[in-house]
Amino acid sequence: MPVAIKRKESNRMTNEKSMIMKKLALLLACLMLFAVLAACTSNGEDPDETPAATDETPGEGDDKGVNVYVEGIISSLDPYSSIEYVNWYVWNQIYETLVTVDAETGEIIPALAKEHTISEDGLTYSFVLEEGVKFHNDAELKAPDVVFSLNTAMEMPAMSSWTNMMEKAEATGDYTFDLTLKRQYAALPSMLAQLPIVNEAFYSSNDNHYDIACGTGPYMLEEGKVDPNTEITAVRFDDYRKGPASIPSVTFKVITDASTATIQLETGELDFLMVYSVSNYQPLVDTGNFNSTLVSAPHTAYISINNTVEPLNNKALRQALNYAADKETITLVAYEGLAVPARMLCNETSFGADFSEATDFTFDIDKAKEKLAEAGFPDGINFDDYDIELDYIPGSYHEKIAQSLKESWSQAGIEVSLRASETYNSDSAAGTYTLVTQGSSFTADMSFMATMYGTEGIDATNYARYSNPEVDDLFAQGDATTDSAERLAIYKEICEIVIDDCPHIPIQHKQMPFVWNKDLDAKVYPSNDHPWYVYEWSWK
């Protein structure tokens, strides 16, 4: 950009002072020219150019990353090694699955697989993959990668809830493969939405390294920025099949103290917070400084009853325990009222969950006493006489659930002692307990409940060790038909039987409170495993 310099003419410079003034004026003009040229160069940069990842803190606008809260240590980036929620927060940004499930409608949405067909016997699913999809190591997604991923998942205990119906996967071409089932399973696509796809060569050469990952998702790990105990940074993958993400980086900040996380949101160190301590939620909302929302979580807090232990193997006693549970009060005390009372280990958002004609175990002291008498305890029961205690998960809302339930039961003449447990999960799976507070997730299809209520789930996630041949047969019927009306009728009957048998005491379906930066456009979903995707976010 040219700069005109006006000069004063004179006949002859005769003194030294005039010469000095002239040189200073020339120097000033040159400096002005340099500054203008620099500004022109800066303004002429390509606005669509993607900034390179650096170690510096992102700036404002398109260059600004996002800091999100993670409530626990990230135990592994191997997507088949565990099912802990905090791991999924990271996996969801790095890996993709063959299909996804709309958390609000249950609709199956194509992802890495663009279409599939089902054999007449319902045992073979044939898939066609999207072409040209890149992994983070620049390799193209091919059918052998998917086959390797699925067969690996089938061998991993942590994935059994989603793979127990699968026999094998086989490639039939570069972009096609078949998945063969052990039995008919109409809800298979919703299970595939839980199985991330990895690159075979990369995974095989870096087997089960917690700090290594290679997916096809919109973000990839930033080298040198992986510490599962403190924070992990992922940067956008510019070759992502849907195009580069708006936000260039996401840092997952591990903060195990909920109050500290709340403070960091207020000071701007965090941009997005799932409010793990619900008592912190309303004060944050009341400031008016943040965006916030509550979403229903597919998660049930419940009391698991070991149905094989006397006298808990008495159905009438289990019914009395359910009638004597004041779920409304328990929810208010334990979860600030940010939950709804539960009737089963899923709610009616799951396909087939229909409680319309099931027994209603709403809090009723008189009915509780009637059932106690029917069970042989007309004067009530003190579980201390049977060496039975109610174990609870310490340091969480489950502790408050146990305390409030104890008070509720006492009104019906049911007495129990409480005990903090650090081994509640292993005890539940092994059946070495009697009563324990628990929590579990459910999916968009009732078929998944076979793992909670079917005999096949004993020693896994059927913590109640509940076994009813009629229920097992109905679940098998539901898996064997693709007719929606037939499946709905089958699952409705299952709900009626299971709710009346009272293998557990369902307490509440929690709501997840989210709060985030006012300048961040974020979206959240009613899902424990897939509550948010940074790819869908942007800065205003």
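Modeller: We shall discuss salt bridges, strands and helices in turn. This is a predicted model, in which local features need pLDDT of at least 70 and side-chain atom pairs count only at pLDDT 80 or more, while totals for chains, interfaces and linings use all residues. Residues are numbered from 1 along each chain as its sequence is written, and side-chain values use heavy atoms, with hydrogens and water left out.

Biologist: What is a salt bridge, and how many salt bridges does the count come to?

Modeller: Side chains of opposite charge can pair when their charged atoms come close. The term here requires a side-chain nitrogen of Lys or Arg within 4 Å of a carboxyl oxygen of Asp or Glu. By this rule there are 16 salt bridges. One of them joins lysine 134 to aspartate 138, with 3.4 Å from N to O.

Biologist: Which residues are linked in a network of salt bridges?

Modeller: Such a network links Arg183, Glu456 and Asp479.

Biologist: Which residue forms a salt bridge with lysine 253?

Modeller: The partner of lysine 253 is glutamate 231, and their closest N and O atoms are 2.9 Å apart. Because lysine 253 belongs to strand S10 (residues 249-254) and glutamate 231 to strand S9 (residues 231-236), the pair ties together parts that are 22 residues apart in sequence. Strands (E, at least two residues) and helices (H or I, at least four) are DSSP runs, numbered from the N terminus.

Biologist: Is lysine 253 buried or exposed?

Modeller: Buried means under 20% relative accessible area, exposed means over 50%, and partly exposed lies in between, using a 1.4 Å probe and protein chains only. Lysine 253 has 18% relative accessibility and so counts as buried, whereas glutamate 231, at 30%, counts as partly exposed.

Biologist: Which residue forms a salt bridge with arginine 419?

Modeller: Arginine 419 pairs with aspartate 391, the closest N and O atoms being 2.7 Å apart. Arginine 419 is partly exposed, with a relative accessible area of 41%, but aspartate 391 is buried at 4% relative accessibility.

Biologist: How should I read the pairing of S9 with S8 and S10?

Modeller: Two strands pair if DSSP finds at least two bridges between them. Strand S8 (residues 219-227) pairs with S9 in the antiparallel sense over five bridges, and the two form a hairpin with three residues between them. Tyrosine 219 has arginine 236 in S9 as its bridge partner. S9 is also joined to S10 by five bridges, again antiparallel, and threonine 233 stands opposite threonine 251 in S10. Five of the six residues of S9 are buried, so S9 is largely enclosed by the rest of the structure.

Biologist: How many residues does helix H12 have, and which residues of H12 are buried?

Modeller: The expected span of a helix is 1.5 Å times one less than its number of residues. Helix H12 (residues 397-410) has 14 residues and reaches 20 Å from its first C-alpha to its last, close to the 20 Å expected. Its buried residues are Tyr397, His398, Ile401, Ala402, Ser404, Leu405, Ser408 and Trp409.
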